[in-house]
Amino acid sequence: MTALPTEPARTVESATATTGDGLLLPVPDDDGAPFWEYARRGELRVQACAACGVLRFPPRPCCPHCQSFDSEWRRMSGRGRIWSYVFPHPPLLPAYAEQAPYNAIVVELLDAPRIRLVGNLVTSADAPLDSVDPSRLRIGAGVKVAFHAMADGVTVPRWLLERP
Amino acid sequence: MSAALKDATAIVGIGQTPFAKNLVESERALACRAIIAALDDAGIAPAEVDGFASYTMEETDEVEVAKSIGAGDVTFFSKVGYGGGGSCATVAHLAAAVATGQATVGVAWRSRKRGSGKRPWTNTAVQLPTPGQWTRPFGLLRPADEIGMLARRYMHEFGATRDHLFNVALACRNRANQNPAAMMYERPLTREMYMTSRWISEPLCLFDNCLETDGALACVVVSAERARDCRRKPVYVHSAAQGLPAQHHGMVNYWNDDPLTGPSWATARHLWKNSDLTPEDVDVAQIYDAFTPLIPLSLEGYGFCGRGEGAAFTEGGALEIGGRLPINTGGGGLSEAYVHGFNLINEGVKQLRGDSTAQVPDAATCLVTAGEGVPTSALLLRS
């Protein structure tokens, strides 16, 4: 079993969990906190049952297959495929409206196609949400993970085209 | 359960306020107006009301409603979660309560000033930790974005097109154009308007999204025996069901084996199991339409066609009056009013009384559904 991070995960108590620009930071719960802590270290990990080994997402207290409360966080290759995508247009929260239309995508992981993550397709880890030409988005396109620091201590996975 | 509930109760009164943006009265006042109108329609005195059901998102509670309308001692009250997924369940809870003797006169209602209030997704202070942490930071902010994601995948997998979604929007708008109470009564829709309208969350455009409405509705549920003595023709609750499928995740249902098989499937299995009817027996349907793609998904879930066939089902005027399955005959959430689907319940009652503004000739059975894509509910009504 992978040891849980010794450093406590950052928890956001404030009601205004946003970056300086107004983008929404993830507000982790107890089950999700390890995901964000690993992301801060540049690792994409998914919760798995320590008893029967089945991966599950989003993380939760016990395994829906064998009811074990023991879990581990398994490292993923970070490669996936676009499962679907949208281009949100206003009305949106102001910080998102500024970058609209941008893309939001669902990525299915090559290691575990039933595990899907919502994210953004960008040209580089720290590029704007609208940095990829919309015509490049296609269901089935290969992507790989990159990590973007949204704020001090808060890192989110983002996605780059395998063949930009 | 089926023997106890089937046709044991009936909707005997319906009431509604005007539908508009920026109504002057409060949600509380609108709730009371709709409830008193429904009781008057039934010919039942408010003092006889002893049961209430509404949505967890309803902001006027039973205490306020009961003391305002002059209800008697209330012995059953219930609130159902998951936004528009709870609409039909409010009637289902009252039917169960009346059938088991927990109440004798039940009132279900919804009052909402969504047309002048804030959009719920703009609230960042009450961001729920789960599943918001997995979606909102990436700008997947609104229900339109969350359902748009499923819609894109659905179009990809099954060859559905924007014309199929337009068929849904048009059928609802055509019915609203017959309904003087509908917000879109005097606003016809054309294919050109649809195809050139602005995007909200591509692939969903403005006309794929429901209205924003101030208004309230209510209905009254009593036993079948009592219903015979009421002022109006009873509309029987033939079957009722709720559905929270295994490994379902709410509107962001991206994390199971088949995200396109939503809660309507589980709800439908239970609904039909406890019914004497099949989908072929349904004369008219009121299908929850916060977004146009919910119609093909629901048509599949409730068994009107096979999986992946919901979009093709909409072709050839199938959803219009005279078509294979006329839907949302008051205009629905897309074109009559968006009050979390309660107008679909009342429209189902109007059809089975024979006094809809877009009456399906001799309609004797009506399916009413709550929001697909979230834990949901449905009713089979019959005259």
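# Two chains, questioned

Author: Residues 266–375 of chain B are 33% helix and 7% strand, and the end C-alpha atoms of this stretch lie 10 Å apart. Helices (H or I, at least four residues) and strands (E, at least two) are DSSP runs, numbered from the N terminus. The UniProt record, in an unreviewed entry, lists residues 266–375 of chain B as "domain: Thiolase C-terminal"; UniProt positions are given in the numbering used here, feature names are shortened, and annotations may be inferred rather than shown by experiment.

Reader: What kind of model is this, and how are its parts numbered?

Author: This is a predicted model, in which local features need pLDDT of at least 70 and side-chain atom pairs count only at pLDDT 80 or more, while totals for chains, interfaces and linings use all residues. Residues are numbered from 1 along each chain as its sequence is written, and chains are lettered from A and ligands numbered from 1 in the order in which they are written.

Reader: How do you know that chain B agrees with a compact globule?

Author: The radius of gyration is taken over C-alpha atoms, and the globule rule is 2.2 Å times the number of residues to the power 0.38. For 383 residues the rule gives a value near 21 Å; chain B has 19 Å, so the two agree. The C-alpha trace of chain B spans about 55 × 45 × 45 Å along its principal axes.

Reader: Why does D362(B) count as exposed?

Author: A residue is buried if 20 or more other C-beta atoms, placed from the backbone, lie within 10 Å of its own, exposed if 12 or fewer, and partly exposed in between. D362(B) has 8 such neighbours inside 10 Å, so it counts as exposed. D7(B) has 16 and therefore counts as partly exposed.

Reader: What makes the phi of D7(B) worth a remark?

Author: Most residues other than glycine have a negative phi. D7(B) is not a glycine, yet its phi is positive, about 60 degrees. D362(B) also has a positive phi of about 60 degrees and is not a glycine.

Reader: Which residues of α3(B) are buried, and what puts them on the same side?

Author: E62(B), V65(B) and A66(B) are buried. They cover an arc of only 95 degrees around the axis, so they lie on the same side of α3(B); the arc is that of the directions from the helix axis to the C-beta atoms. The face turned away from the buried side of α3(B) carries the exposed residues V63(B) and K67(B).

Reader: Which residues have the most contacts inside the largest nonpolar core?

Author: A nonpolar core is a set of buried Ala, Val, Leu, Ile, Met, Phe, Trp, Tyr and Cys residues joined through C-beta atoms within 7 Å. The largest one has 161 residues, and those with the most contacts inside it are I11(B), V91(B), A95(B), C219(B) and V220(B). Helix α4 of chain B, residues 87–99, gives the most to this core, with 10 residues.

Reader: How many residues does each chain give to the contact between chains A and B?

Author: Two residues are in contact if their C-beta atoms, placed from the backbone, lie within 7 Å. The contact takes 38 residues from chain A and 32 residues from chain B. On the side of chain A that touches chain B, β3(A) gives the most, with six residues.
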